[in-house]
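Please keep the sequence and the 3D view at hand while reading.

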Amino acid sequence: MPAMERIAVSILIAVFTSLTAAATPYQIAAEWVGCWGQEGTAPGEFHIPIGIAISDEDRIFVTDHYNNRVQSFDGEGRLLSHFPVLPNPGGIAVHEDRLYIAHFPSASTPDRVSVYSLEGTFIREWGSSGAGKGQLDFAGGLAISAGGEVFVADQTNRRVQVFDLEGKFLRMWGAYGIVPGQFGGNVSTKSRVGGPQFVAIDHTGGIFTTEASVGRIQEFTAEGKPVLAWGDLADRSGSFGGKFAAMKANLVGPIGICVDNEDRLWVTAVSGRVQCFTRAGRYLGGLGDAQGNGPGEFSAPHGIAINSKNELFIIDTYNHRVQKYRITLPRANP
């Protein structure tokens, strides 16, 4: 695979009311550095990449959904390894020397979570398709707490489920609806776009979820108590609206989410926006509003992660690539 291309391009809970509802001046939050990947099946190529996770050693792991594999890279985009995994990998998290991967179902395979070593050795799997405790319905993103609890965005079941590292069910919360603590009540119960889509954990243990159809972020305690909800579907900076132009389907809203070392939230949206907020929902800046396939343009970005060097990596899903940025935002008060 070629090395990365380089081009010089310089609580009151609100249910529908965003804390960023007023028009907010656009601010550049990060500087574009480069990108790697293209559509294909060869090592270093992708066919709908979805999730991204970064190890303590800054090794980058990307799920390659239709190629049924995980690929790993260094921070410059150089391919380190690739290995097959169970079908339809999506969300991914790394904990110590293990990868935890969520899998969509197929006609012959169930919804589940799998565990692999960082070198690709299969360790275990858990879960099945359904709505019972421990069962899944199009699991999306997942995140692992410092205490070793695995939080899974169980999209079509409209809930977050929590497991231990061995896959034992611990607890869950959420239901179909639009009040705080519920998910995706403005679309069909069968639609996974209601969310929660992805999940992230900040340094205090707070749990954050994206919810595409409602266009909001929800914050919970680790036990599932609602803390705050914010966001809207306006098509502007500081909001999560704007349709995915490459598809006729009415896809809107936030998808991926991660937390930086200052507990700021970075959120991707199908509109192509990648934006930064305080944990309370105050808009801090973005990376650009253009959909497309040029440098700094996106086509339904999904997973997002930050390494120890304050570098931001974004899965540009329908462009079949990873884009890299250097965060430039100054320190902000919450």
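In this predicted model, strand S26, which spans residues 311-316, is mostly covered, with six of its six residues buried.

**Partners of S26**
- Strand S25, residues 304-306, pairs with S26 in the antiparallel sense over three bridges, and within this pairing Ile 304 has Ile 314 as its bridge partner.
- The hairpin of S25 and S26 has four residues between the strands, and Asn 310 there takes a positive phi near 65°.
- Strand S27, residues 321-327, runs antiparallel to S26 and is joined to it by six bridges, with Ile 314 standing opposite Gln 323.
- S26 and S27 likewise form a hairpin with four residues between them, in whose turn His 320 has a positive phi of about 55°.

**An open sheet of four strands**
- Four strands in the order S17-S18-S19-S20 form an open sheet with antiparallel pairing, and its edge strands, S17 (199-201) and S20 (226-230), each pair on one side only.
- Neighbouring strands of this sheet are turned by 20° against each other on average, direction ignored.
- Strand S19, residues 216-220, runs antiparallel to S20 and is joined to it by four bridges; Phe 220 has Pro 226 in S20 as its bridge partner.

How values were computed:
Residues are numbered from 1 along each chain as its sequence is written. This is a predicted model: local features need pLDDT of at least 70, side-chain atom pairs count only at pLDDT 80 or more; totals for chains, interfaces and linings use all residues. Side-chain values use heavy atoms; hydrogens and water are left out. Two strands pair if DSSP finds at least two bridges between them. Helices (H or I, at least four residues) and strands (E, at least two) are DSSP runs, numbered from the N terminus. Axes are lines fitted to C-alpha atoms, for helices over the stretch in contact, and angles run from 0 to 180 degrees between N-to-C directions. Buried means under 20% relative accessible area, exposed over 50%, partly exposed in between (1.4 Å probe, protein chains only).
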